[in-house]
Amino acid sequence: MGSCMSVDETTGEIKCGPAVRARRIERKRRIMGILDAEAKNAELLSRIPGRLCSNGASSIGCIFTQQGRKGTNQDAMLLWENFASRTDAVFCGIFDGHGPYGHLVARKVRDSLPPMLMSHWRARMNGDGANTGVSLEDEDWKEFASEGIDAKLPEMFKAWMFSFLKAYNAMDKELKAHPTLDCFCSGTTAVTMLLQGQDLIIGNVGDSRAVLGTEADDKTLEAVQLTVDLKPNLPKEAERIKQCKGRVFALQDEPEVARLWLPYDDSPGLAMARAFGDFCLKDFGLIAVPEISYRRLTARDQFIVLATDGVWDVVSNKEAIDVISSAPTKTTAARSLVETAVRAWKLKYPTSKVDDCAVVCLYLNWMSLPSVEVNPGSENKIPLDTKNALERTLSVDGLMVDSVDNATASPALGEVNTVSSGIDLVNNTVDRVSEITKEKAAERSQSCRSLADFLSTADDDDNEWSALEGVTRVNSLLNLPRILAGDKRAGVIKRRH
């Protein structure tokens with residue numbers, strides 16, 4: 001023992017030597033420095049204009065979350081305008097934590113991942129991509145990077161794709177090395193979306209989801225799922241997990257929910273194949289490599305919805321799109337969907353605890369027609385980038401008119417894209433808007449299930465919705481692995497026997 005520690009013979013207390021005390025003091029000082037830096041970073045992030053991470057709305061979208069009946073709200077969300085100092089860029093993210101410290105992991109990823117993404121993108125654009133301090137050396141990361149390249153995709157997507165990969169990799173490594181945040185049995189999903197002009201890039205790990213509301217040929221809204229729920233029973237995910245000696249099976253009480261288990265222990269039962277954190281499973285098939293997708297948006301696309309599985313477990317894609325489009329205002333759309341999901345939980349699974357729900361709704365306002373200056377007696381030119389304006393949607397005081405050609409007789413377009421009579425176009429459009437307003441008001445009055453059904457009934461806080469004994473429905477994490485004596489993570493909550 002010598003200089004390390006000694007035992008007091010009278011009291012039996014262990015006394016540390018000078019070397020041990022010095023190491024403890026140094027470690028405490030290092031931890032306090034990290035926590036102080038994170039606090040300052042959080043304060044700086046809160047001051048950024050256009051960054052929204054709590055219930056609220058902006059000119060382009062809205063976000064809302066509500067705690068369920070399972071404890072602390074472990075969902076986090078983000079809406080960031082003018083991302084990377086670009087006026088045409090918007091960043092959105094939804095994060096669903098799980099495990100004892102899932103709420104802390106979700107918030108940590110929400111606050112740290114976007115700046116990392118921005119840093120790697122700027123380094124790549126400045127030709128400094130090789131000096132960012134993160135390399136894609138792991139086989140999973142290199143395999144995806146090689147598969148994700150397509151010569152037909154724009155160069156901006158390739159730059160953002162590698163930035164997404166490096167940022168996700170760096171984020172997972174930072175969680176593993178964090179001195180105070182225990183991510184051994186805790187983690188989070190992440191659906192992050194970057195909209196730059198008409199180019200949409202999405203990175204996804206876990207089972208949260210992004211859905212696009214777009215206009216069909218018959219002028220009705222249809223739902224287009226933009227991400228895949230990365231469940232352990234997907235063929236590619238199951239094959240990787242099997243090769244890493246992990247196990248995938250569902251419990252008898254919930255045969256529709258496949259889970260990821262340790263090789264020799266029935267824990268933790270994670271209901272996803274990719275996630276940040278959860279380092280107890282990282283050697284057995286769980287990865288944090290994002291599935292990255294690209295989409296070129298069109299004038300028919302209306303809005304994008306990001307939500308956690310607390311919403312998608314009880315609400316279909318089409319139902320979510322209908323709720324968003326039926327919201328009385330754009331600022332309450334996210335809240336309408338969350339409240340609809342909460343009521344659906346109580347109706348469909350009255351004996352299960354309601355899960356946390358979080359929604360990010362981004363409206364695609366750039367699709368609206370530019371204003372046309374009307375000068376009597378002169379031709380009114382339409383810009384060349386709106387040569388398909390007749391197929392676009394015109395927004396008048398928040399009311400979405402089907403299209404210009406439905407609002408008025410099709411004006412004759414010459415070779416220089418001019419409208420023969422701008423005054424008639426505006427007058428007829430206003431008249432048509434009034435007619436549509438009356439028609440929609442009549443439809444709402446006759447509808448047996450109006451939007452009031454979604455918003456009017458307040459939640460009954462006195463009515464407690466308790467779970468069945470044993471397994472509650474669709475928990476992301478069931479059990480915690482047993483920790484051997486002497487393990488440095490023995491402080492993690494152990495599984496009850």
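## Ring pairs and a cluster

Rings of Phe, Tyr and Trp (its six-membered ring) pair if their centres lie within 6.5 Å. In this predicted model, such pairs link Trp80, Phe83, Phe91, Trp121 and Trp160 into a cluster. The structure holds 10 aromatic pairs.

## Two pairs at Phe83

A pair of aromatic rings is described by the distance of the centres and the angle of the planes. Take phenylalanine 83 and phenylalanine 91. Their centres are 5.1 Å apart, with 25 degrees between the planes. This pair is stacked, because planes under 30 degrees apart count as stacked.

Phenylalanine 83 also pairs with tryptophan 160. Here the rings are tilted. The distance is 6.4 Å centre to centre, and the planes are 35 degrees apart. Phenylalanine 83 lies in the loop between strand E6 (75-81) and strand E7 (89-98), while tryptophan 160 belongs to helix H4 (residues 155-177), so this pair ties together parts that are 77 residues apart in sequence.

## Buried or exposed?

Phenylalanine 83 and phenylalanine 91 are both buried. Phenylalanine 83 has 0% relative accessibility, so it counts as buried. Tryptophan 160 has 1% relative accessibility, so tryptophan 160 counts as buried too.

## Charges over rings

Tryptophan 80, one of the cluster residues, has a charge over its ring. The charged end of arginine 51 sits there, 5.7 Å from the ring centre.

Tyrosine 363 has a charge over its ring as well. In this case the charged end belongs to lysine 330, and the distance to the ring centre is 5.0 Å.

Terms used: Residues numbered from 1 in each chain as written. Predicted model: local features only at pLDDT ≥ 70, side-chain atom pairs only at ≥ 80, totals over all residues. Heavy atoms only, no water. Phe/Tyr/Trp six-rings, centres within 6.5 Å; stacked < 30°, edge-to-face > 60°. Buried < 20%, exposed > 50% of the residue type's maximum accessible area, 1.4 Å probe, protein only. Helix = DSSP H or I, 4+ residues; strand = E, 2+ residues; numbered from the N terminus. Lys NZ or Arg CZ within 6 Å of the ring centre and 35° of its normal.
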